[in-house]
Amino acid sequence: MTVESTAARKPRRSAGTRKSPSTKPELVQLLTPEGKRVKNVEYDKYVADITPEELRGLYRDMVLTRRFDAEATSLQRQGELGLWASLLGQEAAQIGSGRALRDDDYVFPTYREHGVAWCRGVDPTNLLGMFRGVNNGGWDPNSNNFHLYTIVIGSQTLHATGYAMGIAKDGADSAVIAYFGDGASSQGDVAESFTFSAVYNAPVVFFCQNNQWAISEPTEKQTRVPLYQRAQGFGFPGVRVDGNDVLASLAVTKWALERARAGEGPTLVEAYTYRMGAHTTSDDPSKYRADEEREAWEAKDPILRLRRYLEAANHADEGFFAELETESEALGRRVREAVRAMPDPDRFAIFEHAYADGHALVDEERAGFAAYQASFADGEGA
Amino acid sequence: MAAETVTFKNMALAKAINESLRRALDTDPKVLVMGEDVGKLGGVFRVTDGLQKDFGESRVVDTPLAESGIVGTAIGLALRGYRPVVEIQFDGFVFPAYDQIVTQLAKMHARSLGKVKMPVVVRIPYGGGIGAVEHHSESPESLFAHVAGLKVVSPSNASDAYWMMQQAIQSDDPVIFFEPKRRYWDKGEVNTEAIPGPLHKARVVREGTDLTLVAYGPMVKLCQEVANAAAEEGKNLEVLDLRSVSPLDFDAIQASVEKTRRLVVVHEAPVFFGSGAEIAARITERCFYHLEAPVLRVGGYHAPYPPARLEEEYLPSLDRVLDAVDRSLAY
């Protein structure tokens, strides 16, 4: 092997390790990576009454979400899914924010919010239909107030804002949370959603998971200022939270939701986290980022730090962890079996929901398609 | 006011849309009117004049100047159960919203396997002939008709403007409502009791035997003038007002062409990949043995919409349509 080929395979340190765009992130943190609970005058009150059982619940949510995510990655490798977008590393940001919500709140996700979907009670297997290619969104958004995954990044922030404007018109005290990422923060739609929500004082929380990478582009390709500071220019508060700290993510989101309910308008939460895996199963991070960076973030793992805290505080015993391990494996098995059993859609599904009230051309083309299929001698179609 | 039987003898097309929006706001509390300058000003064409005064700022919403934001928030409002009618101020300003319309609005129903409906009307004043600056005279209807999930309509007269707006607002599918801005001040009779017919059906506005002229929106009036001029030369033209571009009433065109055996399609939009191309292809398929001449098209050229001093050269005119009629009849 030549020197050149080695260099080509491994990113140089200068390209792979980067300085954060901010000089020093002002990070809200309640649990250190070592699992130590640190005081925070502003946000402690939002988790002051949290019980050991609820803490174990957060831990369970994160472990099961990670297990589901790992199973989905495996299913993609086995050819059962066409693609998977892993949330590995972002469990705390998603479970913390997801568990801050009330049932009547409404969620607008991107395509990576598997942890939030879990919190909303969307069956994990339902998330896999679109990645298997049997549908483009397999759940009823209104049964869990969890909108369909949005693939074109940033678009959903406007839908969230409109929905929140509707809540305000209805005089309700529900709130909306819009998920997006550091890459989407560059989209015009996100800027427009900030403008609209500020002007109409809409009850919406913009929850940006800054996972440091938009496929291969680092955050400094998106912004010169820390993302949470953008809110200031639109006239509403922004805060950066340790997105690998489930307790801090929960507290900060609760605070932001309370503001929304109290008629104080939008809030931007930047959950500072890390995409531990590839962008999707089609991506190859070894081409653009260094292993050292990932290793540094591994030390801040969201699940490990809560486990350390639970153990140190005697909030969970070995039985709990063992039981969770069993539950976790059962979930993996259930997901695996459900995906393998997922049938291909009927071929006429192509036409089925193109319009709500019908369309003459669709009717005509469906009839033509049916006639073509029927023209095969065995009646089984092409 | 909706309960009264009222026939307006002489109502401008713009006023008919205004009355229709007023009726919708009055009868359905979920209907919203949104857009730039639609409030106090009543829109740059005064189509929403007086609505905010009567229904308040929560129902008739002045928006920030961001078209993607207007359509994107309308989608969110529709998800919340509202029926937003949004105004895009001019045809050439719709493109910042094109992504939201094509990628989200059009596909949401299918994406949700029918669980979610998108009753959103996007009003777009369109077309030329008013001597405007760039981006104020375009006809982008084909760009929307090409997208499954959208419906595209364009009224040609005050009565249709009134009723088609009622029907568009009642539709559970998104409707792109193209308003012929050069006809905003043309007056006609509007009966607010009698529904003239389904939203997506064409109408024969003049019966004839020698050739069919097909148009919609601003070009219907021109085609009627062409038919009158041709009548002086002893040619008896049929004029069909399509009213809807998607779905498109091919049955009505077919019925007419089977009678007249000749077809000329007229629209302001560029001919290349325009709705006339689709009509020509389908009618050729459906009426191959009936046609005495190839389907001809009259429309804009494959060039950016010209400065106002040249627009009369660019737009279909009486003489250009008559020329196409003559060419068709010469076969």
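Helix 4 of chain B gets its cover from both chains: helix 8 (155-170) of chain A is among the elements lying over its buried residues, together with helix 3 (67-79), helix 5 (108-111) and strand 5 (121-126) of chain B. Keep in mind that this is a predicted model. Here's a quick tour, starting with that helix.

**Helix 4 of chain B**
- In this helix, residues 98-105, the buried positions are B:Gln100, B:Ile101, B:Gln104 and B:Leu105.
- Those four sit on the same side of helix 4 of chain B, because the arc they cover around the axis is only 115 degrees.

- In soluble globular proteins, nonpolar side chains tend to end up buried together.
- Here the largest nonpolar core counts 186 residues, and the ones with the most contacts inside it come from both chains: A:Val176, A:Val269, B:Leu213, B:Cys223 and B:Val264.
- Helix 11 of chain A (residues 246-261) is the top contributor to this core, giving 10 residues.
- Leaving aside residues up to four places away in sequence, A:Val176 touches A:Asp105, A:Tyr106, A:Phe108, A:Ala160, A:Tyr163, A:Ala164, A:Ile167, A:Pro203 and A:Val204.

**Chain A overall**
- Chain A has 16 helices and eight strands.
- Its C-alpha trace spans about 75 × 65 × 50 Å along the principal axes.
- Of the 382 residues in chain A, 46% are buried.
- Looking at chain A contacts with a separation of 6 or more, 78% join residues 24 or more positions apart.

Conventions. Residues are numbered from 1 along each chain as its sequence is written. Chains are lettered from A and ligands numbered from 1 in the order in which they are written. This is a predicted model: local features need pLDDT of at least 70, side-chain atom pairs count only at pLDDT 80 or more; totals for chains, interfaces and linings use all residues. Helices (H or I, at least four residues) and strands (E, at least two) are DSSP runs, numbered from the N terminus. A residue is buried if 20 or more other C-beta atoms lie within 10 Å of its own, exposed if 12 or fewer, and partly exposed in between; C-beta atoms are placed from the backbone. Two residues are in contact if their C-beta atoms, placed from the backbone, lie within 7 Å. A nonpolar core is a set of buried Ala, Val, Leu, Ile, Met, Phe, Trp, Tyr and Cys residues joined through C-beta atoms within 7 Å. The arc is that of the directions from the helix axis to the C-beta atoms.
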